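Q: Please take me through this model, and say what stands behind each label.

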Amino acid sequence: MTVDYAPGTRTAVRVTRLGTHIGARIDGVRLGGDLDAEAVVAIRSALHEHKVIFFRDQHQLTEDGQYEFAQLLGAPTTPHPTVTSAGVKSLAIDSRHGRSNSWHTDVTFVDRVPKASILRAVTLPSYGGSTTWASTVAAYNALPEPLKRLAEGLRARHTNLYDYAATAEDHPDDEVEAYRREFESRYFETEHPVVEVHPETGERALLLGHFVKQIVGLTGDESHTLFRLFQDRVTRLENTTRWNWSPGDVAIWDNRATQHYAIDDYDGGEHRRLTRITLAGEIPVGVDGVPSTVIAGDAGNYSTAGPLPRAA
């Protein structure tokens, strides 16, 4: 199904749905800092509805242009809470640092979880290297009522000891090891509700992913069992959409309503590099109205969001 937004204006935005629960392609838009206000409104609306949106043939975008466009959608964070060597305005998602082949929501180990991410393809392998997104809203909505009530009463602690941008390898090279050391150079741990209420749409979403250390109040085995129960709901195929990258592609996803997974199906001699800019988000709040709390670390230099209460 295709829907036109702002017809007759300077930028007529065409949105083509890619799946029932998640994903849409947007045509008729040339991304940049000079995009007109009507198109920006249409893009925000499509993002809230479809959770991840894709743009083809944005060859005109540079890092500066990507940053200027990001400013139209929100306030960009610094590239990363700990990694400063992989970009000044954007974070380089580079296969030379490792491969992010694990389901995650970006940067959930800090108190100020980003509201959105904007990813631009720079260098692609000759085959493979696609990315899959999953709707955490659809996953929550499909839970039986007893599991919804259970999830709504749970909280989970997230840490940066597991790096989504440099997943563990049996024999990592020096560059991967250096990236991991930088990623873990400051320890962050934050307690989030397992079900977050989206601050703009009011939808409820499962806030999980591989940065979860433990479900609060449970033993390790119990925590792992419950984590898998809800995480496996997120990644059911009907909740996902897969994007096969081409040069000039841009993806934007609602980080409060999705997880994603970069598929490691290209050989070591191939190079994959994309640039990511994240937008500052509001403090996650659970169904009970209780916000996330800081266990360790101060992410004040990462995001413009206000400070959080620390755990007692």
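A: Start with the elements. Helices (H or I, at least four residues) and strands (E, at least two) are DSSP runs, numbered from the N terminus. This is a predicted model: local features need pLDDT of at least 70, side-chain atom pairs count only at pLDDT 80 or more, and totals for chains, interfaces and linings use all residues. Residues are numbered from 1 along each chain as its sequence is written, and side-chain values use heavy atoms, with hydrogens and water left out.

Q: Where is K51 found?
A: K51 sits in the loop between α1 (37-50) and β4 (52-55).

Q: What makes the phi of K51 worth a remark?
A: Most residues other than glycine have a negative phi. K51 is not a glycine, yet its phi is positive, about 75°.

Q: Why is K51 called buried?
A: Buried means under 20% relative accessible area, exposed over 50%, and partly exposed in between (1.4 Å probe, protein chains only). K51 has a relative accessible area of 3%, so K51 is buried.

Q: Which loop holds D57, and what is its phi?
A: D57 lies in the loop between β4 and α2 (63-73). Its phi is near 60°, a positive value in a residue other than glycine.

Q: Why is D57 called exposed?
A: The relative accessible area of D57 is 54%, so D57 counts as exposed.

Q: How do you know that the span of α1 agrees with its number of residues?
A: The expected span of a helix is 1.5 Å times one less than its number of residues. For the 14 residues of α1 that gives 20 Å, and the end C-alpha atoms are 20 Å apart, so the two agree.

Q: What puts the buried residues of α1 on the same side?
A: The buried residues are A39, V40, A42, I43, A46, L47 and H50. They cover an arc of only 160° around the axis, so they lie on the same side of α1. The arc is that of the directions from the helix axis to the C-beta atoms. On the face turned away from the buried side, α1 carries the exposed residues A37 and V41.

Q: Why are the buried residues of α2 placed on the same side?
A: In α2, G65, Q66, F69, A70 and L73 are buried. Their arc is only 140° around the axis, which puts them on the same side of α2. Their cover includes α1, β6 (116-123), β14 (250-254) and β16 (273-279).

Q: What makes a nonpolar core, and which residues touch the most other members of the largest one?
A: A nonpolar core is a set of buried Ala, Val, Leu, Ile, Met, Phe, Trp, Tyr and Cys residues joined through side-chain atoms within 4.5 Å. The largest has 25 residues, and I26, L31, I43, I53, F55 and I252 touch the most other members. α1 gives the most to this core, with six residues.

Q: Which residues does F55 touch?
A: Contact means heavy atoms within 4.5 Å. Leaving out residues up to four places away in sequence, F55 touches I26, V29, L31, I43, G248, D249, V250 and I252.

Q: What makes β7 mostly covered?
A: In β7 (residues 131-135), five of its five residues are buried. T131, W133 and S135 are buried on one side, T132 and A134 on the other.

Q: How do you know that β7 pairs with β13?
A: Two strands pair if DSSP finds at least two bridges between them. β7 and β13 (residues 240-243) have four, in the antiparallel sense. W133 has T241 as its bridge partner in β13. β7 also pairs with β15 (residues 258-262), antiparallel over five bridges. There, T132 is partnered by Y261.
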